[in-house]
Amino acid sequence: MTTLAEASGISAIRQSLAARRRRVTILLLAALLAAIAASLYLGDYPVAPDAIVRSLLSPLTGEINRGVDFIVLNVRLPRTTLAILTGVAFGLSGAIFQTLLRNPLASPDIIGISHGASAAAVICMLVFGITGLGVSMGALAGAMLTAFAIYALAWRGGVTPYRVVLVGIAIAAIMGAVISYLFTRARLQEAQEALAWLVGSLNAANLNDILPLAGALVVLVPATVYLVRSLDVLQLGDDAAIALGNRVEPTKLALIVVAVAHAAFATAAAGPVAFVAFVAGPIARALLAGAGGGFLQSALVGAIVMLGSDMVAQHALPATQLPVGVVTGIFGAGFLLWFLASANRQGRGG
């Protein structure tokens, strides 16, 4: 039987872990608010903080300053909002995949989901001449079809993490070959437009990009909150999860659908921005240091990485705006090298 001292010790540990989760969450929220303030302030035409506040409140107060309102409400706020929403979606998608597949390298941009979305978008642009919203819908459909193909090919009386990862990497290679072939057949201007989409960018952020993603997150975030409660049981292994009454394969399929939907809608809105989904989970888990949770923190980290990378992309070079995917690619590649080197030093890597 558990003694009073043991129960007290367990309670103290739980309280300590909960306190750490709260501290990390508050720290990340503060960092995100600071990034939002900086993104609304910085630019070729700096706007004073009090003017930013008045502009944000102008729909309520009726106080209009056309120049400032245009800069804040029509240019910077949509871009900031889209960066946050895509970062949250990518962060949650990566965290679900990494936890479900028990592999820190598993994310939609590594196991083929983003490649499927990219191939579908490039086909829309280069083969059918579709632009705008049609490209986004094509990317959404491509991500979904690719995910179901990976799941079907990985199925052998059930789905195991290593099969999903290996099949996903193979699918990614095939999709990459399809994209390369289409580029060899495209005219120069069409290839440039497709390449700009493939890098991932927030330069043309508007309500047509924001509203579908925001609407999707209204549905997907509660679904994520509901489904991730099953992940703790799934971590015990399929046999143990079944013994505890968990419907393993339907739960896995539902989690994969939700994770793919997060990635698909984010990709449709901003393009296949590299590595945001990959880095959000490991950074959140490192900050939590074993305190449990991680999905809310992964969403916040994804938003911070996306928004911070976009600010670097806008202001790092004078008179030049880089696509945000360039910055996230550099950051993510460096993080991957550090992660692998750190794993090897600790005896976890090959």
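Which residues make a nonpolar surface patch of about 390 Å²? The patch is made by Val53, Leu56, Leu57 and Leu60; patches join nonpolar side chains (Val, Leu, Ile, Met, Phe, Trp, Tyr) within 5 Å, from residues with over 30% relative accessible area and no salt bridge (a side-chain nitrogen of Lys or Arg within 4 Å of a carboxyl oxygen of Asp or Glu). Leu56 lies in helix α2 (residues 49–61) and is partly exposed at 36% relative accessibility (buried is under 20%, exposed over 50%, partly exposed in between; 1.4 Å probe, protein chains only).

The model is predicted; local features need pLDDT of at least 70 and side-chain atom pairs pLDDT 80 or more, while totals for chains, interfaces and linings use all residues. Residues are numbered from 1 along each chain as its sequence is written, and side-chain values use heavy atoms, without hydrogens and water.

The protein chain has 14 helices and zero strands (DSSP runs, H or I of at least four residues for helices and E of at least two for strands, numbered from the N terminus). Of its 350 residues, 47% are buried.

Five aromatic pairs were counted (ring centres of Phe, Tyr and Trp, the latter by its six-membered ring, within 6.5 Å; planes under 30 degrees apart are stacked, over 60 edge-to-face, the rest tilted). Tyr151 and Trp155 form a tilted pair, 6.1 Å centre to centre with 40° between the planes. The rings of Phe278 and Phe335 are edge-to-face, with centres 6.0 Å apart and planes at 80°. This pair links helix α12 (residues 276–288), which holds Phe278, to helix α14 (residues 324–345), which holds Phe335, across 57 residues.

Definitions and conventions
Patch = residues over 30% accessible without salt bridge, like charges linked within 9 Å, V, L, I, M, F, W, Y side chains within 5 Å. Areas by Shrake-Rupley, 256 points an atom, 1.4 Å probe, with all protein chains shown as cover.
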